Amino acid sequence: MEFVGQIVSGAFGEILARQKSGEELEIGELLACDEPNGIQLLQVYDLEYGSQIQPETIELMSGLRLEGKGEKTSFFEEELRHYVLAKVKGLVTVRGGKAVSTKTLPKFFNGLRRIRDADLSFLDKPEKPLFLGRLRSGSKAIDKRIELDGEKVLSHHVLVPATTGRGKSNLVKVMLYELLDKDYCGVLVMDPHNEYHKSLKKHAKAGEWLKSYSPNPEGGQVSLRVNYAALKPWHFNGVMPFSEAQQQTLHLAYKTWEKDWITRLLAGDSLGDKVQDVTLNVLQRKLGLILDGRVFVKNGSETIVDDVTGHLLDSKKVVIDTSRLGSEAELLVASVFTNALFNRRKAAQTDKPVVSIVLEEAPRVLSEAAGANVFSSIAREGRKFGVGLIAITQLASLIPREVLANLNTKIILGNEMKQEREALIASASQDLSTDDKAIAALDKGEAIVSSVFSRFAVPISIPLFEEHASAAAASAPARKAFV
Amino acid sequence: MAFDFAKLSPKKTALGAPHFSDPRYSPLAFDEARFQSFEAEAGRLTCVDGGNASVINTPNLSVQLVRVYRNEFDGGERKTSEESEFLVITRVEPASGGQMLLKAETMPLNGPKLLQEDLAFDWADATLAQGGFKASPSALGAVARRFAEWKMACRCFNPVRDGTLQTSVTNESIFSRKAYAESKGVFSALAKTSSLYTTTGLPLVSAVARLAGKRAAPWVYGPLCVNSQPDHEADLFVAKLHENATHCFRFEVKRGCDALSVLPALAFQASDLAFLGYPYGLVDADKRARVPFEEARQMQGVMRQEIGEGAWREIELDSCAVDAHDFLDRV
């Protein structure tokens with residue numbers, strides 16, 4: 001048995017193991033401990049030095065070396081006297097190929113070894129898989145695909161928190177690529193950098209499963225135009241701030257002019273004595289800024305909302321290029337489609353297929369300041385109707401705790417900001433209280449998946465999208481060629 | 001009137017000459033010609049040490065946990081190590097003529113059984129009794145440890161004891177002579193502490209260190225005396241084993257043997273940074289042989305379970321006669 005460490009002390013959830021000399025344990029590394037009634041899988045969450053020599057003596061030794069008085073000195077049996085202590089915690093216990101929660105301490109002084117494929121037999125492939133990456137032990141990717149039950153995960157919302165450059169977009173591309181031809185879900189992707197369409201169209205079945213809309217359509221994309229008539233006053237909730245008087249005016253205008261309400265407001269028509277001119281003027285200016293004619297149009301495109309929601313309910317993946325829109329216009333587009341989708345779902349007697357909405361900078365609509373809107377409603381009650389969010393953000397701490405707790409799968413990428421890590425740890429589905437350093441130390445493409453649908457917080461390595469897509473294309477059956 | 005603490009500062013006292021109260025040690029006057037320098041050199045050494053701690057202590061019953069350990073190094077490489085662990089159970093038993101005997105049996109726990117015979121001592125034995133009092137049963141724990149240390153040194157190569165080669169307990173010389181006869185190489189001992197003095201009252205080791213001045217270490221000074229004490233078959237020296245060491249040590253080698261046949265190897269081990277100037281083999285032996293209080297307490301728990309609560313209460317009652325100090329320490 002190749003042991004890399006040995007349990008020397010500690011307590012439940014904070015076991016101390018001595019690292020074998022010559023081995024190098026990493027934060028996040030997965031270890032196994034063979035017990036009489038199964039295998040305990042454990043994870044390293046912290047490392048520290050250990051020595052048999054008193055600290056004062058060590059400091060003196062250092063002084064001798066630094067001050068040039070350490071000639072003809074040495075450490076005898078250095079490997080016995082100085083070592084690394086790893087703090088490890090139990091993840092799960094594997095018994096007869098099934099994972100159960102760990103409720104016991106491994107045997108004192110037991111040896112720890114690196115995990116093997118056979119230890120992971122409990123990680124079976126769900127019927128409706130959502131691929132997230134490969135299992136990772138420390139910084140080493142293991143050839144074991146991590147797939148959760150996609151239908152459950154998507155309807156119970158996903159949070160992708162990370163600081164810039166840690167691979168959020170790459171992760172979402174990989175997820176969407178894998179989901180593209182899955183008929184159990186539709187996905188609405190708000191694409192502020194026009195990158196998802198370019199990536200997903202590489203999929204062999206993109207023609208069948210991918211629908212793309214853009215204000216400036218290119219090959220394969222459909223023109224993104226939304227008729228004013230599709231807009232409702234509540235679509236603006238969370239999109240831009242309105243005073244109470246302005247909100248009342250919006251509703252009055254809609255009640256008064258029905259489908260022409262936007263046109264009439266923009267034209268400066270009067271609502272009578274009930275609304276002051278100054279309110280109307282401000283509304284006219286605000287709406288004019290957001291409805292600048294590039295996407296929202298007075299004439300045509302009457303069916304786009306139905307088309308998009310129809311695609312989503314047909315399990316298609318719909319990408320909306322919002323790269324040339326301002327933040328508010330982007331949110332309004334998302335709000336229009338999401339409201340329509342959510343309403344259709346509420347009216348229908350089914351929650352299948354599940355539909356997920358990918359939204360970047362999610363605190364724009366999920367923070368306290370954004371107020372009530374369709375996205376916060378979905379976060380709270382969307383799962384009942386098979387509608388979920390994939391919320392991407394750098395600042396998860398801006399999302400209220402109650403909403404964060406409802407985002408039941410968190411794919412946590414690297415984050416240097418302590419406040420952000422704390423918000424994530426406090427709302428995670430597993431106890432990540434010892435994973436603060438592990439999260440801070442996550443490299444690009446590394447993540448920890450905390451989900452109510454996994455037995456433990458799973459460390460993953462996310463493949464580079466380009467490589468992943470190439471490998472998938474290479475292994476896909478060749479398309480039929482018609483001559 | 002307040003005490004003048006300045007009086008405690010060492011005076012510039014003359015070195016004087018080595019002083020031994022026992023006339024069987026004839027001191028040799030200090031002479032710088034008796035310094036010998038040498039070079040550290042890797043070599044084979046076996047360091048031996050022991051430790052003991054009380055598990056049960058009453059006026060008529062003692063149980064001591066004893067551990068004896070040895071290691072053999074060749075230069076910086078450990079060749080072997082061995083540990084022997086046993087309990088020494090001592091009772092007070094009446095003997096003929098109104099005498100009382102301390103009778104000890106040993107119970108092996110780990111490693112080789114070093115002491116084959118039970119031990120029996122008159123409780124008035126002067127080598128055990130302290131301050132004219134009768135010896136306590138607990139004294140036999142240390143006796144058994146000393147005997148076992150000698151046994152552990154048998155068949156070793158260049159054995160080095162922690163302490164001195166002096167035997168101090170009745171029949172200990174039987175064990176020491178057997179160890180000298182059966183071991184290979186040169187038998188020696190290095191003492192961390194020394195209570196030898198000079199005629200002017202200076203500690204002898206520190207007087208030698210002063211005499212050495214800035215002499216480059218490693219060096220050895222001696223012999224300090226001509227020793228004809230039959231129970232202490234040793235030549236006595238003072239040695240400094242590393243140039244940056246703060247300590248010099250009393251060093252003894254089996255009478256008539258060449259100190260320089262083992263000192264280079266000791267100096268080589270003394271380059272370890274944990275205790276510069278003290279051989280690593282002895283550091284290791286000290287650590288491994290030590291019996292911490294906590295370990296004795298654990299053993300006490302095991303014995304309590306084995307003995308049963310009723311009998312244990314009796315023992316506790318008996319121990320009240322000797323453990324009031326322990327209670328006071330905890331107050």
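Predicted model: local features only at pLDDT ≥ 70, side-chain atom pairs only at ≥ 80, totals over all residues.
Q: What average pLDDT does chain A have?
A: Chain A averages 91. In chain A, 98% of the residues score at least 70.

Q: Which elements of chain A have the lowest and the highest mean pLDDT?
A: Helix α1 of chain A, residues 55-66, has the lowest mean, at 86. Strand β2 of chain A, residues 14-19, has the highest, at 97.

Q: And where in chain A is the pLDDT below 50?
A: Over residues 479-483 of chain A. Beyond near neighbours in sequence, that stretch has one contact in the model.

Q: Okay, overall layout. How many helices and strands does chain A have?
A: Chain A has 17 helices and 21 strands. Its C-alpha atoms fill a box of roughly 95 × 60 × 40 Å along the principal axes.

Q: What domains does the assignment give for chain A?
A: Domain 1 covers 3-120. Domain 2 comes in two pieces, 129-223 and 309-475. Domain 3 covers 230-290. The centres of domain 1 and domain 3 of chain A are 65 Å apart, taken over C-alpha atoms.

Q: What share of chain A is buried?
A: Buried residues make up 44% of its 483 residues.

Q: And the contacts in chain A with a separation of 6 or more: what share joins residues 24 or more positions apart?
A: That share is 71%.

Q: Now the inside. Which residues have the most contacts in the largest nonpolar core?
A: They are L176(A), V189(A), V333(A), L359(A) and A447(A). The core has 131 residues. Helix α11 of chain A, residues 327-347, gives the most to this core, with 10 residues.

Q: What does L359(A) touch?
A: Leaving out residues up to four places away in sequence, its contacts include M190(A), A334(A), V365(A) and F375(A). L389(A), A391(A) and I392(A) are also among them.

Q: F375(A) sits in which helix?
A: Helix α13 of chain A, residues 374-381. F375(A) is buried there, along with V374(A), S376(A), I378(A) and A379(A). The buried residues of α13(A) pack against α11, β17, α12, β18 and α14 of chain A.

Q: Which way do the residues of β11(A) point?
A: C185(A), V187(A), V189(A) and D191(A) point one way. G186(A), L188(A) and M190(A) point the other way. All are buried.

Q: Which strands does β11(A) pair with?
A: β11(A) pairs with β17(A) in the parallel sense, over five bridges. There, V187(A) has S356(A) as its bridge partner. β11(A) also pairs with β16(A), residues 317-321, in the parallel sense over five bridges. In that pairing V189(A) is the bridge partner of V319(A).

Q: Which residues does the second core include?
A: I89(B), A139(B), L202(B) and V283(B) are among its 82 residues.

Q: Last one: why does N52(B) count as buried?
A: Because 26 other C-beta atoms lie within 10 Å, and the cut-off is 20 or more. N52(B) lies in strand β4 of chain B, residues 44-57. Its contacts beyond four places in sequence include Q64(B), G141(B) and V291(B).

Terms used: Residues numbered from 1 in each chain as written. Chains lettered and ligands numbered in written order. Domains from an automatic or database assignment. pLDDT = per-residue confidence, 0-100. Helix = DSSP H or I, 4+ residues; strand = E, 2+ residues; numbered from the N terminus. Contact = placed C-beta atoms within 7 Å. Core = buried A, V, L, I, M, F, W, Y, C linked by C-beta atoms within 7 Å. Buried ≥ 20, exposed ≤ 12 C-beta atoms within 10 Å, placed from the backbone. Pairing = 2+ DSSP bridges.
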